Amino acid sequence: MAMGETPITVTGNLTSDPEVKFTASGAAMARFTVASTPRAYDRESGQYRDGTSMFMRCSAWRHLAEHVAESLTKGMRVIVSGRLRQLDWQTDQGENRSMLVMEVDDIGPSLTFATATVTKTAPRNSTGKPAGGGDAWNTDPAPAPGTGGGEAPPF
């Protein structure tokens with residue numbers, strides 16, 4: 001993260017399925033919105049009350065974008081970490097507009113009210129292709145003893 005950037009973490013629910021598009025160079029980009037609503041206990045009524053919802057527009061790039069699209073769907077509770085960016089533009093009528101978006105560095109399901117099964121993917125280089133051709137975590141099973149792969153320990 002560069003100096004002067006605004007880091008942020010938001011916990012909330014996806015308002016729709018992530019939308020994936022590809023740039024002309026083939027880089028994946030996913031867009032999605034996270035709704036975060038504070039909740040407070042009201043002692044007078046004895047019930048929880050929802051506060052004002054915040055809707056954070058988010059974008060993820062490259063392999064993270066693909067993983068988001070494959071893993072997350074509308075309504076899922078997520079924890080998103082990234083950096084705030086301000087987008088500025090001018091309308092066709094000449095009016096200046098701006099909005100804040102989160103450029104996502106990391107995202108995952110919230111395990112407060114759910115469980116998840118994690119599937120590791122192959123490491124990728126900056127072009128999105130598998131890096132090094134090997135298994136960075138060395139999770140390939142050892143060959144069975146006597147099968148030409150040497151005598152591997154039984155653990």
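Mentor: A polar contact (a pair of N or O atoms within 3.5 Å; within protein, one able to donate a hydrogen and the other to accept it, residues adjacent in sequence counting only if both atoms are side-chain atoms) joins the side chains of Thr-33 and Arg-57 at 3.0 Å. This is a predicted model, in which local features need pLDDT of at least 70 and side-chain atom pairs count only at pLDDT 80 or more, while totals for chains, interfaces and linings use all residues. Residues are numbered from 1 along each chain as its sequence is written, and side-chain values use heavy atoms, leaving out hydrogens and water.

Trainee: In which strand is Thr-33 found?
Mentor: Strands here are DSSP runs (E, at least two residues), and helices are runs of H or I of at least four, both numbered from the N terminus. Thr-33 falls within residues 28-36, which form strand β3.

Trainee: Does Thr-33 count as buried or exposed?
Mentor: Buried means under 20% relative accessible area and exposed over 50%, with partly exposed in between (1.4 Å probe, protein chains only). Thr-33 has a relative accessibility of 13%, so Thr-33 counts as buried.

Trainee: Which strands do the buried residues of α1 pack against?
Mentor: In helix α1, residues 62-71, the buried residues are Leu-64, Ala-65 and Val-68. Seen down the helix axis, they fall within an arc of 100° (taken from the directions from the axis to the C-beta atoms), so they line one face of α1. Through contacts (heavy atoms within 4.5 Å), the buried residues of α1 pack against β2, β3, β6 and β8.
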